[in-house]
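Reader: Could you walk me through this model, starting with the words I will need?

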Amino acid sequence: MYAAYIYRLMTQKLPKEISRPSMFVSVGPAGFTATALIIVAKSTTQAFPDKFMGDGTMAAMISKVMANWFGICLWGLALWFFFISLFSNAAMLTSSNSKFTITWWSFVFPNTALVTATFAVGDAFNSHHLKIIGCVLTCILICVWGFTMAMMIRAIYIGEILMPQKGEDRDEGGWKEEHATRQLGSKTREEARKKRQEKNEGRRGRRWRNQEKDEEEGHA
């Protein structure tokens, strides 16, 4: 996934502003993987038998050290994707014309991976500073969650989302084509109805003129 994503960033423009918040999704895989590796490695001292690979205690320590270093590399990768996503969304976040879309929730949920990975790395390396940074990130994430929730409620109230033709995917999945087809079909039906009406009126007019002609011939 990362290979395709990075290739897309290197060869194409940034996504549209309406879908640009979804770039934060790239933070999730690296962050959650780092957290899982460090937490699993922490339990190897209890999970490995004494005779595992000859020496269970030594195997557990080696596994823990490798997992911790690999986890901190993944945590750094998650940080890199976080800052790439943050700088890419800077223009949208500072714009007064930006409107809420469902993709704004990408500001919240993928970044929980970065927070949990920060706590995991701080615990693995016994870093008090990283634990403080994790607490600060948690407070910021809670504020972002509250802001996003408030903006979603506001968008529902003023009709920016959950309304006909207001979804950000209204031009995707064939909706526009189907809508145009329905409109074209309604126009075609209306034109056909008008033609039938004109045809019926023409028939009544000819019948009335024929009756008048027959009456005139009868009087003559």
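Author: Let us begin with burial: a residue is called buried under 20% relative accessible area, exposed over 50%, and partly exposed in between, using a 1.4 Å probe and protein chains only. By that scale Asn 126 counts as exposed, because its relative accessibility is 64%. Please keep in mind that this is a predicted model, in which local features need pLDDT of at least 70 and side-chain atom pairs count only at pLDDT 80 or more, while totals for chains, interfaces and linings use all residues. Residues are numbered from 1 along each chain as its sequence is written, and side-chain values use heavy atoms, with hydrogens and water left out.

Reader: Where is Asn 126, then?

Author: Asn 126 lies in the loop between H6 and H7, and it has a positive phi of about 55 degrees although it is not a glycine.

Reader: How many helices and strands does the protein chain have?

Author: The protein chain has eight helices and zero strands, where helices (H or I, at least four residues) and strands (E, at least two) are DSSP runs numbered from the N terminus.

Reader: And how much of the protein chain is buried?

Author: Of the 220 residues in the protein chain, 28% are buried. The chain exposes about 15,300 Å², of which carbon and sulfur atoms supply 63%; accessible areas come from the Shrake-Rupley method with a 1.4 Å probe, and for residues only the protein chains shown count as cover.

Reader: Which residues touch the most other members in the largest nonpolar core?

Author: That core has 30 residues, and Val 27, Trp 75, Phe 100, Trp 104 and Leu 114 touch the most other members. Helix H1 (2-11), helix H2 (27-42), H4, helix H6 (111-124) and helix H7 (128-158) each supply at least two residues of this core. A nonpolar core is a set of buried Ala, Val, Leu, Ile, Met, Phe, Trp, Tyr and Cys residues joined through side-chain atoms within 4.5 Å.

Reader: What does Leu 114 touch?

Author: Not counting residues up to four places away in sequence, Leu 114 touches Val 27, Trp 75, Ala 78, Leu 79 and Phe 82, where contact means heavy atoms within 4.5 Å.

Reader: Okay, and what does the side chain of Ser 85 reach?

Author: The side chain of Ser 85 reaches the backbone oxygen of Phe 81 at 2.8 Å. Ser 85 is in helix H4 and, leaving aside neighbours within four places in sequence, is in contact with Met 23, Phe 24 and Ser 26.

Reader: Last one: where is Pro 15?

Author: Pro 15 is in the loop between H1 and H2. Pro 15 and Ser 88 are 73 residues apart in sequence, yet their C-alpha atoms are 9.2 Å apart in space.

Technical notes. A polar contact is a pair of N or O atoms within 3.5 Å; within protein, one must be able to donate a hydrogen and the other to accept it, and residues adjacent in sequence count only if both atoms are side-chain atoms.
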